[in-house]
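The stops below go from a sheet to a pair of helices.

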Amino acid sequence: MAVQQWTSREIRALRQALRMSVRQFADHLGVSPRLVSKWESGTTSPRPANQSMLDEALRLAGPEVEGKVEDLLTESRQHDAAARPAEALSPLRQLPRDITDFTGRDEEIDRLVGILEAPPTAGVRVVAIHGPAGVGKTVLATHAAHRVRAAFPDGQLYMNLRGTQTQKADVGDTIAGFLGDLGWTAPVPDTLAERARTFRTALADRRILLVLDNAYDEDQVLPLIPGNAECAVLVTSRRRLLRVDGAQHLSLRVMTPEHGLNLLAAVIGGPRIDAEAAAAAEIVLLCGQLPLALRIAAARLDARPATSLAHFAERLRDERARLDMLQDGERAVRASFGVSYQGCDPQVRRAFRLLGILENTDFPAWALAILAEVPVPDAETLLEALVDAELLETAPDRYRTGRYRFHDLLHLYAREQLDAEEAPAQRRTAAQRLLTEYIAMCARATCRGDPAAPNRLDAPPPALKHIHDIIAADPRVWFRAEWPGLVGAVTIAHDADLWQEAWVLAEQLGNLRNWDAGWADWERTMDRHLATARAGGDRDKEARLRCTLGVMRREQGRFPDSIRQLRYGADLFDQLGDEYHKAVIHRALADTFRFTGRLTEGIEHFTIALGMFERAGDRPMVAGTLSGMGDIYRGLSRWDESILCLDKAIALYAEAADRRESARAKVRRGIVWRDRCHYDHAESLFEEALQTLHGLGDRRWEAQTLRHLGIVHRNTRRATAVGYLDTALSIYESLDDARGVAVTLRNLGDTHRCAGGHERASPLLRTALTQFHALNDRRWQARAHASLGDLETALGHYEDALGNFDTALTIFVGIGDRPGQARIHRSCGVLRRQQERFDDSVREFEQAQAIFLDLGDQIWAARALAGTAATLRAARSADWRRPLHDAEQHCDQAGARSPREVENWLFEW
């Protein structure tokens, strides 16, 4: 008897001929009993060394045993022939039909064919395809199985194991059915283990491919794997089947854009694609390149030859209707996703829908920990369960802290489940938790360069300390990596009516705007959201997006576009009758006008917003509006109104125990004291606010407060002014705050000019002017020109000085900045005096005085009068004492407490 490859039947016959038990036979061969059992059941085939061992055992047993082996084999074959009718020996062809328009997946097909057609080895070839719903696993497996039919002459068995359905296929029943298909007429055993052994026996001498579609888990697959290495198994599942030892796994993802277009063309025809190439490409992207979605879209378009692809793409842009569009009879993307979702545990389902709060499809693991209020390790367990269910996938993770991502359509499905199953209050609270943490992380990022800052910030949650450590170590890299999430967070804040969080985030992103952020990507994202909102007729969503765009444009220094977006949003909210959100936009508009020096327009919008917030009873927004109004009234020299607004704001913030905003309002109140020359009151408030802001780690406002302290020290002619301004400049530079840097450079230039340091002043002022032009900030451009005019006047360069003053005055007139106009007239009065054009000088001072008096600004009116007195005295006019006396009276009325204080107020610098 010659055996080339020992089969399970031959091994069993040899053992029986030797009259040995399994254990005795194993000892005889020097192997384990378990291995012998696997050989006989067909689970494993003997390796080449074991084959030689069996050959040697047969040779040593002698001719008598060899004859008994032959007899036993003959008897076994006769038994099987009786149990298996002849007609069952014909090849089985159970595969579902292959589709004629199959396209793409070239690499995957080549790999599958290569594995399945390879020469048999010691083990059964098992290939497990896994991937999310709708990715085309069944279609791919079916196509590959048809390609390799010739390699399996005894046929192909197919079974849908219904792993995604409530009633999953029973494995024992599946085996019984296969045995019947194979012609097995002997009684089918009762237990699953016995049926599995019988099934392996039935396949022992056949070359058959088993296609097990839609398996739920390994328990549905393992009993169906043959023992005969001539057979092969092709499995599809939404989960990766890790317990199938020796299996080769193929992870199936969405199609490439090119293959997606080819699929569309295969269904609706190439000419139609060519005629609307851009729209066709957009449809592929809006379908997320998911084969099921693309097939449904193609089928709908094929049934509607008159429908343009552009119109179909426009309808798909509406995120609320997209999943409705992607259903066709019994096929539906939503239903396919629903099977995976419903198959998860309740906690996992809740995690999935809470992630729908996120604007971005790529996110860090800690985001779920915050949303679901669970420790980060528990969040990672939930996320991994969602990955196993193919509802999420892992994403590149530079910091090894865990990142995940949605497929676009699954993200929409998560949002649907969020709206359906989570109450609005719960959604809002979860969003607020997330935004609070993003704000804390941004604060950590802006503290770089300040070694003491981490000690002043609130300690992060212990579970997120490692994230904060990463931010502290390399904030720029963290910012760039998290940029999409930060931009998305602003949109989340607006959508959830969390306006305070929205303002803070927008301000922080403005602070970090020079950190090589992907502003172009952000703009494309916002434009896409806007297009979707407009296509779907969602005016509320469009208005909110306009507000977000307007605020961010302001922080970028793109003021004209900021105003345009905000006005557009205000009109939309007005049409919707939404007074509260209209107030939000009016406040944003007022701040934008304040930044650009259009103070009168700013007051108009603040006034509108204030009334609306008061009617809504929103005290924090009332306080914020009053604080902004107070700052604008100060800029207009309307002191009483400024003080009233700021004092009310400070009281409201104190009532709410909001230390940060209270300190900021106190800084503004201190500026009023400073501008009215009450320098001791101003300095006291600045120092108090500085301590609070420093303790809270609010570096931008810390720098602003230091800058104002520097101005107080400059105006009181103290040498310490430069030190305060240099410290402020250093902080602004560490924040990459271009506007803060430019303003401080101008203050430093003026400080050196007043102290006679003209050579040091000139480059500082010119650099500041260049930066204000880059920021398109016209108000500060005018102020820089005014400072340069004063410098050129001191140097005797009168033509250059007049050129700067003319430019400044033109800008101040154009933006309606009357205090700025008055100060230019005063500076021109000084210039004309130095030119000994005394009449012109007096006229300039008188124009300045008239404007200051109209504004109610006693101190600056007094300074204009003092300038007139100085000109008359230079002209040797006996009338110079009267305007000086009037100036001193103005100072007394403004609260000057001593002749020295009057002298200091009237100092001409």
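Select the open sheet first: its 6 strands pair in parallel, in the order S1-S3-S4-S5-S2-S6. Strands (E, at least two residues) and helices (H or I, at least four) are DSSP runs numbered from the N terminus, and two strands pair if DSSP finds at least two bridges between them. Strand S1 (92–93) and strand S6 (248–251) are the edges; each has a single partner strand, so one side of each has no neighbour in the sheet.

This is a predicted model, in which local features need pLDDT of at least 70 and side-chain atom pairs pLDDT 80 or more, while totals for chains, interfaces and linings use all residues. Residues are numbered from 1 along each chain as its sequence is written, and side-chain values use heavy atoms, leaving out hydrogens and water.

Next, select strand S3 (residues 155–160) and strand S4 (residues 209–215), which run parallel and are joined by 5 bridges. Within this pair, Gln156 has Leu209 of S4 as its bridge partner.

Move to Lys666, in helix H33 (residues 659–675). Its side chain makes a polar contact of 2.6 Å with the side chain of Glu688; such a contact is a pair of N or O atoms within 3.5 Å, and within protein one must be able to donate a hydrogen and the other to accept it, with residues adjacent in sequence counting only if both atoms are side-chain atoms.

Finally, which way does helix H34 cross H35, left-handed or right-handed? The crossing is left-handed, meaning that the near helix is turned anticlockwise from the far one by less than a right angle (clockwise would be right-handed).
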